[in-house]
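Subject: Structure for you to look at

Hello,

Below is the structure I said I would pass on. Please open it first, then read my notes alongside it.

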Amino acid sequence: YLIINLYQFRNYVFGIDSSSTRKKIPARYEENLNALDDLLRRAKEKEIKTLVYSVPLRKDVKIPYEPQEYIDFLNDIRKVTIENGGLYYNLEDLVPSQFWGTVDGINATGGKEEIDFMHFQAGGHELLGSELIRIITEENLDH
């Protein structure tokens, strides 16, 4: 509970909300990319088929990432996946804006509703599920 309060206090002090731009933290980014590479390499060694996809991202408003860093992230994930024999799909544009919603605001916004960049509504889940089933079937990953 203390950690949550400290997190909310930090957001209040610095005016951080769900729409605030998040910059890449290089050390964490490299560590996570190396972990993905290791996971995919091990899967390839065990002849396990892998599917990696970029998750849907709300696009009707400014995204909360540095644009070039986000593009570089997508390229890095794609490269690591393909180098390790995996399949990569970019599904970031799959879910239209009407299937996204809002979240209760935090202290930084005075409790006003904020844009939710991480979760979409039932219609978005249906679209994502249908697309994943299509990909899995077409790529013969279902056996």
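The charged end of lysine 24 sits over the ring of tyrosine 29, at 4.5 Å from the ring centre. A charge counts as sitting over a ring if NZ of Lys or CZ of Arg is within 6 Å of the ring centre and within 35 degrees of the ring normal. Before going further, note that this is a predicted model: local features need pLDDT of at least 70, side-chain atom pairs count only at pLDDT 80 or more, and totals for chains, interfaces and linings use all residues. Residues are numbered from 1 along each chain as its sequence is written, and side-chain values use heavy atoms, with hydrogens and water left out.

Aromatic pairs

The whole structure contains 4 aromatic pairs. Rings of Phe, Tyr and Trp (its six-membered ring) pair if their centres lie within 6.5 Å; planes under 30 degrees apart count as stacked, over 60 as edge-to-face and the rest as tilted. One of the pairs joins tyrosine 29 and phenylalanine 73, edge-to-face, with 6.4 Å from centre to centre and 65 degrees between the planes. Tyrosine 29 is in helix 2 (residues 26-45) and phenylalanine 73 is in helix 3 (residues 67-83), so this pair ties together parts that are 44 residues apart in sequence. Helices (H or I, at least four residues) and strands (E, at least two) are DSSP runs, numbered from the N terminus.

Tyrosine 29 is buried, at 18% relative accessible area, while phenylalanine 73 is partly exposed, at 32%. Buried means under 20% relative accessible area, exposed means over 50%, and partly exposed is in between (1.4 Å probe, protein chains only). Tyrosine 65 and tyrosine 70 form a stacked pair, 5.5 Å centre to centre with 10 degrees between the planes. Of these two, tyrosine 65 is partly exposed at 21% relative accessibility, and tyrosine 70 is buried at 11%. Ring pairs link Tyr29, Tyr65, Tyr70 and Phe73 into a cluster.

Helix 2

Glutamate 47 follows helix 2 and has a positive phi, near 55 degrees.

The cores

In soluble globular proteins, nonpolar side chains tend to be buried together. A nonpolar core is a set of buried Ala, Val, Leu, Ile, Met, Phe, Trp, Tyr and Cys residues joined through side-chain atoms within 4.5 Å. The largest one here has 12 residues, including Tyr29, Leu33, Tyr70 and Ile77. Helix 2 and helix 3 each supply at least two residues of this core. Isoleucine 77 touches Leu33, Leu36, Val52 and Tyr88, leaving out residues up to four places away in sequence. A second, separate core has 8 residues, among them Tyr89, Leu91, Val95 and Leu132.

Threonine 81 is in helix 3 and is buried, at 0% relative accessibility. Apart from neighbours within four places in sequence, threonine 81 is in contact with Leu40, Val52, Gly86, Leu87 and Tyr88.

Isoleucine 135 is in helix 4 (residues 122-138) and is buried, with a relative accessible area of 1%. Not counting residues up to four places away in sequence, isoleucine 135 touches Leu51, Tyr89 and Leu91. The C-alpha atoms of isoleucine 135 and lysine 49 are separated by 13 Å, and these residues are 86 residues apart along the chain.

The whole chain

The protein has 4 helices and 4 strands, in the order α-α-β-α-β-β-β-α from the N terminus. Its C-alpha trace spans about 50 × 35 × 30 Å along the principal axes. Of the 143 residues, 29% are buried. Among contacts with a separation of 6 or more, 71% are between residues 24 or more positions apart.

Regards

Conventions. Contact means heavy atoms within 4.5 Å.
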